[in-house]
Amino acid sequence: MTISKGMKRAILIHPDPKLKAVATPVADLSDGLRILADDMLETMYAAPGIGLAAPQVGVLERLIVLDCAREDGATPQPVAMFNPRVAAASDERNVYEEGCLSIPQIYADVERPAEVTVDWLDRDGNPQCQGFSGLWATCVQHEIDHLDGKLFIDGLKPLKRHMITRKMKKLKREMAREKA
Ligand code: NI
């Protein structure tokens, strides 16, 4: 996939009702959605991050972008997935320390299936199906969770979760003040 230069969009910070909503399946792969995918990749690379879901930029449609290759300083491997779905997951599980661009500076261990098979539509509307392991498997599951209004902190103990939410509210107040 070639990267056309997108425009950076603002990333919503937790807590936000749009981050808790279930996103709608993409019915028609319009140019507007392809532009959104380019913008999301641009936003993700600039952050920098390895994955981003449309609800994080305020669009409640089932679209995610990811590129886990950059972790190794390798050639970029941008992927945009419309209507991604975990079709199969391994019994074997894996723990990764996860973070999220909507919950900056917070990291926590999350356990997920070590390998998943995902199907999706690519930017031309062609169905794709691929197996993922390692960081890619974790990342794609994290991003698909966003489409169902789930955040990686949802599985943490309530006290820890509340502490993080308080911290993010404070961060948002500070960001709003800086903008004013
Ligand atoms: Ni995230």
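Q: What makes Val140 and Glu143 contacts of Ile64 in this predicted model?
A: Contact means heavy atoms within 4.5 Å. Ile64 touches both, along with Met40, Leu52, Ala53, Val79, Ala80, Met81, Pro84, Ile144 and Leu147. Residues up to four places away in sequence are not counted there.

Q: What makes Ile64 a member of a nonpolar core?
A: A nonpolar core takes buried residues of listed types, Ile among them, joined through side-chain atoms within 4.5 Å. Ile64 belongs to the largest such core, which has 18 residues. Ile64 is also among those that touch the most other members, as are Leu66, Met81, Val118, Phe132, Trp136 and Val140.

Q: Which elements supply this core?
A: β2 (63–66), β3 (79–89), β6 (115–121) and α2 each supply at least two residues. α2 gives the most, with six. A second, separate core has 16 residues, including Leu29, Met44, Leu63 and Phe82.

Q: Why is Glu97 called exposed?
A: The cut-off for exposed is over 50% relative accessible area. Glu97 has 57%, so Glu97 is exposed. Glu97 sits in strand β4 (residues 93–100) and touches Tyr107, Ala108 and Asp109, leaving out residues up to four places away in sequence.

Q: How do you know which residues line the largest pocket?
A: A lining residue has an atom within 4 Å of a pocket point. For the largest pocket, 36 residues line the space. Ala47, Pro48, Gly49, Cys100 and Leu101 lie nearest its centre. The pocket's volume is about 860 Å³.

Q: How does that lining divide by residue type?
A: The lining has 18 nonpolar, nine polar and nine charged residues. The largest share, six residues, comes from α2.

Methods
Residues are numbered from 1 along each chain as its sequence is written. This is a predicted model: local features need pLDDT of at least 70, side-chain atom pairs count only at pLDDT 80 or more; totals for chains, interfaces and linings use all residues. Side-chain values use heavy atoms; hydrogens and water are left out. Helices (H or I, at least four residues) and strands (E, at least two) are DSSP runs, numbered from the N terminus. Buried means under 20% relative accessible area, exposed over 50%, partly exposed in between (1.4 Å probe, protein chains only). On a 1 Å grid over the protein atoms alone, a cavity is a set of points where a 1.4 Å probe fits but cannot get out, and a pocket is an open set with protein on both sides within 12 Å along at least five of seven lines; lining residues have an atom within 4 Å of a point. Grid points are joined across faces, edges and corners, and a volume is the space filled by probe spheres set on the points. Ala, Val, Leu, Ile, Met, Phe, Trp, Tyr, Cys and Pro count as nonpolar, Asp, Glu, Lys and Arg as charged, and the others, Gly among them, as polar.
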